[in-house]
Every structure is written in C-alpha cells, then in structure tokens.
Amino acid sequence: MTLLQHELTDFTVQAFQNNDFHEVTKADVLGHWSLFFFYPADFTFVCPTELEDLADHYAEFQKVGCEIYSVSHDTHFVHKAWHDANEKIAKIQFPMLADPTALLARDLDTYNEELGQAERGDFIINPEGKVVAYEVISSNVGRNAEELLRRVQASQFVYEHGDQVCPAKWEPGEATIAPSLDLVGQL
C-alpha cells in the first residue's frame with residue numbers, strides 16, 4: 001500500500017525548538033512544504049549525524065519554503081536534554097517533535113511495533129498536508145540532506161508545473177521534460 005497522496009491526520013504534539021517548548025498541529029503544517037524526518041531515538045549513533053546534516057542545510061530548506069520537523073518517540077524533555085548535551089544536536093533550529101504515543105509514526109506507517117520506535121523515514125508533505133514523496137530505510141543507514149533538499153525542490157517544481165517532469169539527478173534550473181507521445185522510446 002502506498003502512502004503517496006495520504007493526507008496527514010489531525011495531530012497535536014509537543015516540540016522543542018529554540019530553547020522552548022510549544023505545540024505543533026496539523027494546521028501548522030498546512031500552507032507550506034514540510035519534511036517529516038523520523039529517526040529511531042535520541043542519544044543514539046546514526047541519528048545525530050543525520051540531524052546535524054539537516055541542521056547544516058536548514059537555511060537552504062527555509063529558502064525554498066520547506067520546514068523540517070524531526071520526529072522520534074522521545075518526549076520534548078528528552079529532546080531538550082539531548083540538545084543541551086550534544087554539540088551536533090545543539091545546532092538544530094528546526095522543531096524537534098515528540099511522538100511518544102507514535103501517533104505520527106503510525107499515521108505515516110513508519111512505526112516498528114516490535115521495537116517501539118519509528119524506522120528511519122522521511123516524508124515530503126505538500127502545502128495541502130499530503131505526502132508527495134517518501135522513503136523508509138534500515139535503521140543502520142543514514143540519509144543525506146542534500147538529496148532530501150533536491151527531492152523537495154523537484155516535488156515543488158512538478159507541483160507548480162503539472163505539465164512537466166524532472167529527470168534523474170535534476171537540479172533547479174536544469175531542463176525538465178514535457179511528456180508527449182513523440183518522446184515515447186526516444187529518451
């Protein structure tokens with residue numbers, strides 16, 4: 001079963017951001033692009049490398065109008081403790097969502113019941129709150145912020161230009177393809 005075009009269910013979760021706690025709801029996600037970035041747990045091994053990579057590229061995501069929401073089953077209190085204790089995590093300026101009941105992880109089908117935590121899943125959400133791209137990978141393989149940003153930008157392009165598609169390795173400013181019958185078998 002695919003999650004493409006799945007609309008986020010209503011939710012309210014706690015977040016840690018900019019040394020403060022606040023709620024994030026579905027309404028907060030609507031109207032802009034979002035990257036929901038699930039990881040298994042705070043105080044682990046691969047997770048801080050991924051989150052630092054996202055933190056290092058956060059300004060680029062913001063520049064294209066995409067908010068990053070990192071999500072784990074840890075509470076917002078644990079997110080703060082990790083932020084205070086780890087120099088990689090201290091770089092994070094985006095909301096760190098607390099999902100202790102796995103509401104979000106279950107909604108996006110990345111929750112591992114046996115382990116009691118989310119798998120590594122990233123979900124690009126359009127301004128209507130629908131999934132337009134996602135991947136879920138093994139918990140021992142880290143992801144790449146530059147590739148996630150490229151996929152956000154490609155998703156935004158085709159959202160705005162429904163008559164165009166983006167070829168492999170497409171980057172903003174490069175040529176796209178206008179599908180047509182005369183191109184079948186020619187590319």
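**Aromatic pairs and overall form**

Visitor: How many aromatic pairs does the structure hold?
Guide: This is a predicted model, in which local features need pLDDT of at least 70, side-chain atom pairs count only at pLDDT 80 or more, and totals for chains, interfaces and linings use all residues. Residues are numbered from 1 along each chain as its sequence is written, and side-chain values use heavy atoms, with hydrogens and water left out. Rings of Phe, Tyr and Trp (its six-membered ring) pair if their centres lie within 6.5 Å; planes under 30 degrees apart count as stacked, over 60 as edge-to-face and the rest as tilted. The number of aromatic pairs in the structure is 11.

Visitor: What kind of aromatic pair do Phe11 and Phe36 form?
Guide: A pair of aromatic rings is described by the distance of the centres and the angle of the planes. For Phe11 and Phe36 these are 6.2 Å and 90°, and the pair is edge-to-face.

Visitor: How many residues apart in sequence are the parts that the pair of Phe11 and Phe36 ties together?
Guide: Strands are DSSP runs of E with at least two residues, helices are runs of H or I with at least four, and both are numbered from the N terminus. Phe11 lies in the segment before strand S1 (12–17), whereas Phe36 belongs to strand S3 (residues 33–38). The pair therefore ties together parts whose separation in sequence is 25 residues.

Visitor: Is Phe36 buried or exposed?
Guide: Buried means under 20% relative accessible area, exposed over 50%, and partly exposed in between (1.4 Å probe, protein chains only). The relative accessible area of Phe36 is 0%, so Phe36 is buried.

Visitor: Are the rings of Phe43 and Trp82 stacked or tilted?
Guide: The ring centres of Phe43 and Trp82 lie 5.9 Å apart. Their planes meet at 40°, so the pair is tilted.

Visitor: Which parts does the pair of Phe43 and Trp82 tie together?
Guide: The two parts are 39 residues apart in sequence. Phe43 lies in the loop between S3 and helix H2 (46–56), and Trp82 lies in helix H4 (residues 76–85).

Visitor: What is the relative accessibility of Trp82?
Guide: Phe43 is partly exposed, with a relative accessible area of 47%. Trp82 counts as buried, at a relative accessibility of 1%.

Visitor: What radius of gyration does the protein chain have?
Guide: The radius of gyration is taken over C-alpha atoms, and the globule rule is 2.2 Å times the number of residues to the power 0.38. With 187 residues, a compact globule would have a value near 16 Å. In agreement with this, the protein chain has 17 Å.
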